[in-house]
Amino acid sequence: MKFTIPHINLHLYRRGRSAKVGMVPGTPMYLGEEKNEPVTLDVLTYNEQEVTRQSHSSVEDALKSVGPGSVSWINVDGIHDADKISQIGEFFHLHPLTREDIMNSNHRPKAELFDNYIHFTLKMLTYNESGFCIDSEQVSFILTQHAVISFQENPRDVFQAIRERITQSKGRIRSRKADYLAYSLIDIIVDYYFIVIDNLEKTILHLEEDLLSKKEEQRTLERILKIKKDLLFLRNSIIPVREAVTALQKADSTLLDPSTRQFLRDVHDHAIHAGESIETYREMLNSLMEIHLTGLSNKLNNVMKTLTVISTIFIPLTFIAGLYGMNVRDIPYANGENSFAWVSGGMGVIAVIMLIIMLRKKWL
Amino acid sequence: MKFTIPHINLHLYRRGRSAKVGMVPGTPMYLGEEKNEPVTLDVLTYNEQEVTRQSHSSVEDALKSVGPGSVSWINVDGIHDADKISQIGEFFHLHPLTREDIMNSNHRPKAELFDNYIHFTLKMLTYNESGFCIDSEQVSFILTQHAVISFQENPRDVFQAIRERITQSKGRIRSRKADYLAYSLIDIIVDYYFIVIDNLEKTILHLEEDLLSKKEEQRTLERILKIKKDLLFLRNSIIPVREAVTALQKADSTLLDPSTRQFLRDVHDHAIHAGESIETYREMLNSLMEIHLTGLSNKLNNVMKTLTVISTIFIPLTFIAGLYGMNVRDIPYANGENSFAWVSGGMGVIAVIMLIIMLRKKWL
Amino acid sequence: MKFTIPHINLHLYRRGRSAKVGMVPGTPMYLGEEKNEPVTLDVLTYNEQEVTRQSHSSVEDALKSVGPGSVSWINVDGIHDADKISQIGEFFHLHPLTREDIMNSNHRPKAELFDNYIHFTLKMLTYNESGFCIDSEQVSFILTQHAVISFQENPRDVFQAIRERITQSKGRIRSRKADYLAYSLIDIIVDYYFIVIDNLEKTILHLEEDLLSKKEEQRTLERILKIKKDLLFLRNSIIPVREAVTALQKADSTLLDPSTRQFLRDVHDHAIHAGESIETYREMLNSLMEIHLTGLSNKLNNVMKTLTVISTIFIPLTFIAGLYGMNVRDIPYANGENSFAWVSGGMGVIAVIMLIIMLRKKWL
Amino acid sequence: MKFTIPHINLHLYRRGRSAKVGMVPGTPMYLGEEKNEPVTLDVLTYNEQEVTRQSHSSVEDALKSVGPGSVSWINVDGIHDADKISQIGEFFHLHPLTREDIMNSNHRPKAELFDNYIHFTLKMLTYNESGFCIDSEQVSFILTQHAVISFQENPRDVFQAIRERITQSKGRIRSRKADYLAYSLIDIIVDYYFIVIDNLEKTILHLEEDLLSKKEEQRTLERILKIKKDLLFLRNSIIPVREAVTALQKADSTLLDPSTRQFLRDVHDHAIHAGESIETYREMLNSLMEIHLTGLSNKLNNVMKTLTVISTIFIPLTFIAGLYGMNVRDIPYANGENSFAWVSGGMGVIAVIMLIIMLRKKWL
Amino acid sequence: MKFTIPHINLHLYRRGRSAKVGMVPGTPMYLGEEKNEPVTLDVLTYNEQEVTRQSHSSVEDALKSVGPGSVSWINVDGIHDADKISQIGEFFHLHPLTREDIMNSNHRPKAELFDNYIHFTLKMLTYNESGFCIDSEQVSFILTQHAVISFQENPRDVFQAIRERITQSKGRIRSRKADYLAYSLIDIIVDYYFIVIDNLEKTILHLEEDLLSKKEEQRTLERILKIKKDLLFLRNSIIPVREAVTALQKADSTLLDPSTRQFLRDVHDHAIHAGESIETYREMLNSLMEIHLTGLSNKLNNVMKTLTVISTIFIPLTFIAGLYGMNVRDIPYANGENSFAWVSGGMGVIAVIMLIIMLRKKWL
């Protein structure tokens, strides 16, 4: 899903809501672009001793590994296959609304607690260097006793580092439960927000430099509008994560270990930090808009000043020339010797006086 | 009830309030446009086994079906008949203020809990494709143990999908109590908000395209104002739904099943989502307003620049022509051979110098 | 007390505060315009069986009717007589600060609970059709076990409908206690707010029509300012009523019956509704201000465009005429036959070319 | 301490903070302008029977009167003498930070509860009629069981009315404890806020009249800025008083009698009222700023209109005159009889046509 | 770390976040500029009787002094050495996330409570007189039972006064526990905020004077933008300190003595005070921006007025001169005696009349 110039892609944030109107609540129905690719389930099962990684296309095969004694991370690549989602839903006894939400690629970030599982949804944002745009994807997590199921539409994701930590047994992840895995996945998604924000900042810095160096170009306004929309999009994607993580942290659920809650507090801090950055950039952008507008006013002033200076000097002189051009008798100084020199000299004196007045008024 | 350009129809939101001033509180009195059409009661009674649908014009007939063992949905088309509302009110022991509120087609969305029933009021919004406007209608629900009574003025509604689900036994609605029916009705109304918002978004996108492609047209300002009013209207209609659903969700009432509360949480999420979309569009609109204003400034700048360029070039030249037009003796270069060529050549040199200066200052 | 154009009558809201500086707290002192008219006490005593209405000028006479078995409504017309207020205050054991507040015609709306009575203060607002202004008056209520005392300065009030309901035994008022009477009085005052708001809305609609039809008139800015001040005044008068009614509703006092609290909830809804309307109109007004300013910019643009078009066409032509007016030898095409036709024809060609350029640039 | 035009005296609000950096916390150090005047202690001791008033320069003498059976009000004129503050601090067992705060003339208004005393700080604001400015002074109160100590730098204060009430036994002050005295002192300071606000309002009214009557003067902008700064200063001084009084009212301290809390509620209402007035004036000022800016735009429009009208009429006419001034053969109508009349008549017709067009376009 | 003109250094606030993406949470990794300087540990151990100060480069040596009976203040100059941080972390059993946060020089101010220690992070801000910029540095404190460990990157700090108080036994610090030391360090950092704010205020005052004295210079806009960014930076640095101190004050931890909490309340007041000052300056800056923009408008008005006056006077006169320059027969007054005097006199009369009209319209 791309977020490009110059259309308001805020739409994407809730695309397709209207397509579901009238459906039975809890009907799993994919709301993204139509897809036919087969859905694959990547299963990573690990405990402190061993780790296995397998790719399945059948749900039953994938779910076999789930059980006590190890943590299973089932990453579902593709949320357009309602049957597979239903099978998973039945296995883990997911609420119909949860099944519906998983397939809805445009949901608001949120955490929902159920008796037997926790459902967490947020946006995975990555900066697309080639397209100068933000790629956004909906990711849902289901945290159960022994498994984390992550749902995403596109196979490209930000979880590679986590996979390496598990397979290479880096850090404390192998010795922890499923809740720590869920935390790790949310944490890395939130970390990626800062890459997007950093890139947005570069764009703002670039815009500011252009504005201050007065490299006036036609597209300034469009650039400001584009960044404004990006920031609105980021705000809508990131701000709700704050509450969602707080809800998770304070969840009255045995699925979450107190030590994991400590780590969630860190994610919460990062989400606040990201939110504050966005607000700061919004204020900066308003300042840049003001600078742009003032620049336009200044330019108009300068143009007007030039016009006025030239008009003010030449209009009276032209009048005098006109006077001497009249077909009238007895114009003074017109027929004496060197009359042209006298008249043009007089004009020169008038011009110099006016120039001095203007210099004093700082118009030049 | 129509919401058209260019009058502030916000008025509609509370039309007629002043007509009731001085009345005994709790006096049921219809506040909409005068109507004489007979009120019909559409009764749908169902349980897991069977479903019957009947249309009555008498209240007594309609209420006969209400009782344990099945859920009755009484849809009252027309709220202008005070007698019928009173009869229903007496049957279900409705508070005088509830009766008054039902007939008031301009109430703020709210949920009110009573010992024996719950009263829920919100706006049903639909997008009128033909009139490019939002149709708004007040809908009230009374949830009792075995029945849901829905009140609306116009027979056109958004409940067709629900009726089909009941008659064709789709989903889980037939196996649930009255509270699930009430949830379903509120849910579909909130779903329709997204259709209205989607259409508004299209209008904003269209406006943005026009603004960025600089297709300046006279009506830009009116279009912005029209959308602004639509958004104010939507905000006033949708934001209070949030609190109302929360009140319902947390209601200390045996009329609501815990599982239904779970579904209400979903409606609550949707209402928040709709509210956020509206706020986002309000910000977009402010940006578009700024772009419009900057566009005006830019245009003025361009016009002024042209004027200045032409004036700056020709004013000095015209002065020189004036000089040579003076009826004065001994003008230099005036009487030599090819004097015209010399003079006009000199003018040409001056013009070229000025053009070069302007090109350097980026005025051209 | 009048709220007229164009002075800031917000002052009125707290007129005279400074006059009391240094007084002993609780000193009853009238802060409105000086009055000498005698204070009259209108006493309406009723129970389910009978109703008596009497007008007294002596406080003792008026208070005789107060007692168990009936509800007494003592309406005090005139709050400038400190002696009478003191007598009433002593009879009902009112706190010195309450006595002071009653005489202060500029208090902020509020509810105060005491052991033996409740003190409620708000603004009675009426729209003065003849003066196109809002009349505002401070009204205080004292709710005791068997009586409601209402204090107002001017005999003109909005309570006529209540008096009729009591004397003609309309509605449920005759069968209720003093708390229902107090509710009824507050309810009717809040209802009247909507008449004021409706009239303000008409003014805004009128202004909008004038702005969109571009009937530019000098007073637009003053009209906007006047409405803005009216809205500020309304906001200051109405918003605190919300909290005051909430305080009453949740009051831990035996003076208020649970069923009356239900009715107060309705008043609370109305007060919120009125507040939301005011906020909506404030936003509308900001939009109208923007439209007014943009209209000014547009007008300037049009004027500048005309100037530029005319200048751009005639400045080069005048230059050419000046060239041919030079007293210089051998001007080309000047002395041939039909030279005027050739020259003016050349000018015409230049003018047409420039017109075409301008048409392309959409300046015409 | 003066608040004058046009410097930002907001500085004064916290002048000298930086001078204390690095000091031991709780070091009493005077932060105002340097003073050498001797500190005097004005002691007023009273009970229901008798009252004595004495002025001391020694702290021991002043503190002798403090004891059960009477209330002592020790008013310390001058807070620059660290020794005297220390002596008082030791007598009443004041916390080091309290001693420091008393000498800090730039503290934020606040209430602090200690086991044995209450510390209350706020700004005493008076309107300086001669200097058209607000005089601000920091006042601290220490409320103990049997005494109130008030600290201020300058002998000029607003407490005269309280002194009279005590010495002349007006009101209930003589029969009350120290807490009522503290309330009375806070109450009168808050009352004086309204005098300052009233004077500010007069300034705003005056500005508004000048703006609407279009008496354009150079200093409008400075006046608006000056009032804005005054309002910012008032807001910073008055808004925190609200919380401070609330903290006092709800203080879990035996030093405050329940009946005094009732009176504090009244002070709280006044502080809210003052705060609302300031917010209202801030909004008014924004409107006035908008009017000022629109006035500038309007003026520019009018000037441009005049220029355009004159240019539009004369530029074509001058071109025609130029045409007839060409030294070219066979100019039509140039050599016939009355040719001047014909030509100038033709010019007149063109001028009249253009005037009619302009009148239609409402440019005149 | 410097905060200079004109780039958005807000970036610095969270520099390098993106560098850590994908790391194991709790990995201590320095995020500032690369450093190779050796890390030194400055240890100050004191109790009421004695004080020793030593500088170590080995962590073990530094930690030897920590123990009951005295307070150790270990100031770590340099946070880029992960090994040393790890050694300290292990000695005091610090949570992995705490170790990570200490090395992250761009963290949001916060207080975190752990069972055995408290972690407090804030920005140390100093005003760099030579560079006209704000130097910002991240400082972390670990408060344990018998020691305070402070972490900073650069050896230059604001703690000199504290060191002197300890070594010279000034104030009560020597007789208090570690919590009082931690308070003292936080207090002095917050005190230094006022020096930064004072310097910023001077800059704003200077800007205001320049604006009001109309010393128009090109860089006004840049100066406003620079101050705006400084204020945004200060706000982001200072506002969160408020919550962090509140969290500390209310911390349910035995590490904090009640008497120290009293002192923390004072720091809290100062943080609020600093925050309010920043908000006030932000409002002032908006006013200055408005003044700047209005100044531009005014200037344009004046330039336009001059142009209009000169054009309005000379355009008709030039036209008359053109009339008399026509090669047309029988121009009136053209061939009489003194015809030039008559014609130019007539022009003079017209000019005077126009000047009078303009004077009346106050254009001159």
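Helices (H or I, at least four residues) and strands (E, at least two) here are DSSP runs, numbered from the N terminus. With that naming in hand, we can walk through this model, which is a predicted one.

Start with His93(E). This residue sits in the loop that links α2 (82-91) to α3 (96-103) of chain E. His93(E) isn't a glycine, yet its phi is positive, at about 55°. Is His93(E) buried or exposed? The cut-off for exposed is over 50% relative accessible area, and His93(E), with 59%, is therefore exposed.

You'll find Ser169(B) in the loop between α4 (160-167) and α5 (178-212) of chain B. Its relative accessibility is 39%, so Ser169(B) counts as partly exposed.

**Where chain B meets chain C**

How many residues does each chain bring to the contact between chain B and chain C? Chain B puts in 66 residues, and chain C puts in 64 residues. As for size, an interface is often described by the accessible area lost when the parts come together. For chain B and chain C that comes to about 5,800 Å², with 63% of it on carbon and sulfur atoms.

There's some charge pairing as well: 7 salt bridges cross the interface of chain B and chain C. One of the salt bridges joins the side chains of Arg282(B) and Glu283(C), at 2.8 Å from N to O. Polar contacts between chain B and chain C come to 14 residue pairs, both residues being at pLDDT 80 or more.

Which elements of chain B give two or more residues to the side that touches chain C? They are α3 (96-103), β4 (110-113), α6 (220-249), α7 (258-325) and α8 (339-360) of chain B. Of this side, α7(B) supplies the largest share, 19 residues. Sorted by type, the residues on the side of chain B that touches chain C are 33 nonpolar, 20 polar and 13 charged.

**How the copies are related**

Any two copies of a chain are related by a rotation about an axis and a shift along it. Here are the values for two such pairs:

| Copies | RMSD | Turn | Shift along the axis |
|---|---|---|---|
| Chain D on chain E | 0.1 Å | 72° | 0.2 Å |
| Chain B on chain C | 0.2 Å | 72° | 0.2 Å |

Which residue of chain D has the C-alpha nearest the axis? That residue is Gly325(D), whose C-alpha lies 4.6 Å from the axis. In chain B, laid on chain C by a turn of 72°, the C-alpha nearest the axis belongs to Gly325(B), at 4.7 Å.

Chain A and chain C have no contact, and their closest C-alpha atoms are 9 Å apart. Chain B and chain E don't touch either, with 9 Å between their nearest C-alpha atoms.

Definitions and conventions: Residues are numbered from 1 along each chain as its sequence is written. Chains are lettered from A and ligands numbered from 1 in the order in which they are written. This is a predicted model: local features need pLDDT of at least 70, side-chain atom pairs count only at pLDDT 80 or more; totals for chains, interfaces and linings use all residues. Side-chain values use heavy atoms; hydrogens and water are left out. Contact means heavy atoms within 4.5 Å. Buried area is the accessible area (1.4 Å probe) that two parts lose on being put together, summed over both. A salt bridge is a side-chain nitrogen of Lys or Arg within 4 Å of a carboxyl oxygen of Asp or Glu. A polar contact is a pair of N or O atoms within 3.5 Å; within protein, one must be able to donate a hydrogen and the other to accept it, and residues adjacent in sequence count only if both atoms are side-chain atoms. Ala, Val, Leu, Ile, Met, Phe, Trp, Tyr, Cys and Pro count as nonpolar, Asp, Glu, Lys and Arg as charged, and the others, Gly among them, as polar. Copies are superposed by least squares on the C-alpha atoms of residues with pLDDT of at least 70 in both. Buried means under 20% relative accessible area, exposed over 50%, partly exposed in between (1.4 Å probe, protein chains only).
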